Amino acid sequence: MDTKTIEYMLCIAKNKNIAAAAEELYLTQSALNQQLLKLEHELGAPLFVRNRNNWELTDVGKIYIDSSREILRIKTDAYSKIQDLAKQWKGTIRIGLTPERGTQMFIALYPAIHKKYPDIVFQPCEASVDAQSKMLNSQQLDFGFQTIFEQKYKHLEYMHICDEPFYLCVPKTHPLAYKDRKKPEEYPEIDLNLFRNDYFTLVRKTSTMRIIIDRLFEHAGFKPRLLFDSVSMRGMQQLAANGLCCSIIPRYYASECDDIAYYTLGEQAHWELTVAYEKNHHINHAMRDFIHMATEYWETHPYINS
């Protein structure tokens, strides 16, 4: 089933620019433009409104692109089911990963999954939860590992892996910090309101985790005094260890540290680690094996299991 023309048009629609699409497809702009003009002549109508840097879909283009995505989905699912029956797996599996630890997980699992399925390309893609959800909807990903606080996208199926708590990081020099070393299951719960006069470094506002954290502060009745917003969980932990501020991080990043006292913050201070994929999307044996390996990885990680 030859779908090259469809894939070319989808790439132009995604980039909203024929030059960028041609670069991504390793084609000359002239060759790609010829494919577009040929298709438009066949359809009898233009697919795009041509602007210099931003090509928008016409009404005809919207119909074509929506239908093309469905055609590709049907093709992908059909080939995936046939490969399962024939036990001959090949092609590309595109996996969404959250930044930092998602990539670390992929690196840990790749040797084993590649050995089992040597003819499949397992292609990782770092992206936020919202970006992943859009990519799943447009068939740019087969599935994604997401950390969420609610299953808000109705077009997706969610497969639970585990719940992960958040910890308040308090410098050991802080007057409220305990001085002895504790195991994760021994971390005491504390009232966040006790730290209303302290400085915090928190994860950036665009993250899923920040939504949960902001709700914790709202429930505590105050807005945190921010040193700055960060993109690095490990950097936030290190700032607390150096006595510069308090922070809130997921358990995965809360490694043992003599300079930090960790506290729990109640039942609302957690999120869910899930696998998300488009409803009706066929999850073949290779995908299921990768998901199973990832689930074992997360369930046995020392900072997720108590």
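**Setting up.** I am working with a predicted model, where local features need pLDDT of at least 70, side-chain atom pairs count only at pLDDT 80 or more, and totals for chains, interfaces and linings use all residues. Residues are numbered from 1 along each chain as its sequence is written, and side-chain values use heavy atoms, with hydrogens and water left out.

I took helices (H or I, at least four residues) and strands (E, at least two) as DSSP runs, numbered from the N terminus. I checked the length of α1, residues 4-15, first. Next I looked up burial (buried is under 20% relative accessible area, exposed over 50%, partly exposed in between, with a 1.4 Å probe and protein chains only). I6, Y8, M9, L10, C11, I12 and A13 are buried in α1. Their cover includes α2 (18-25), α3 (29-43), β1 (48-49), β2 (56-57) and α4 (59-86). After α1 comes K16, with a positive phi near 55°.

**Largest pocket.** A pocket here is an open set of points on a 1 Å grid over the protein atoms alone, where a 1.4 Å probe fits, with protein on both sides within 12 Å along at least five of seven lines; lining residues have an atom within 4 Å of a point. Volume is the space filled by probe spheres set on the points, which are joined across faces, edges and corners. I found about 1,200 Å³ in the largest pocket. It has 36 lining residues, and E7, L72, R94, Q139 and Q140 are the closest to its centre. α4 gives the largest share of this lining, eight residues. By class I noted 14 nonpolar, eleven polar and eleven charged residues. Nonpolar means Ala, Val, Leu, Ile, Met, Phe, Trp, Tyr, Cys and Pro, charged means Asp, Glu, Lys and Arg, and the others, Gly among them, are polar.

**Second largest pocket.** This one holds about 500 Å³. Of its 27 lining residues, P99, T147, S207, T208 and W271 are the closest to the centre.

**R73.** I ended on R73, which lies in helix α4. R73 counts as buried because its relative accessibility is 18%. Its side chain makes a polar contact with the side chain of E70 at 2.7 Å (a pair of N or O atoms within 3.5 Å; within protein, one must be able to donate a hydrogen and the other to accept it, and residues adjacent in sequence count only if both atoms are side-chain atoms). Leaving aside neighbours within four places in sequence, R73 is in contact with Q139 and N280 (heavy atoms within 4.5 Å).
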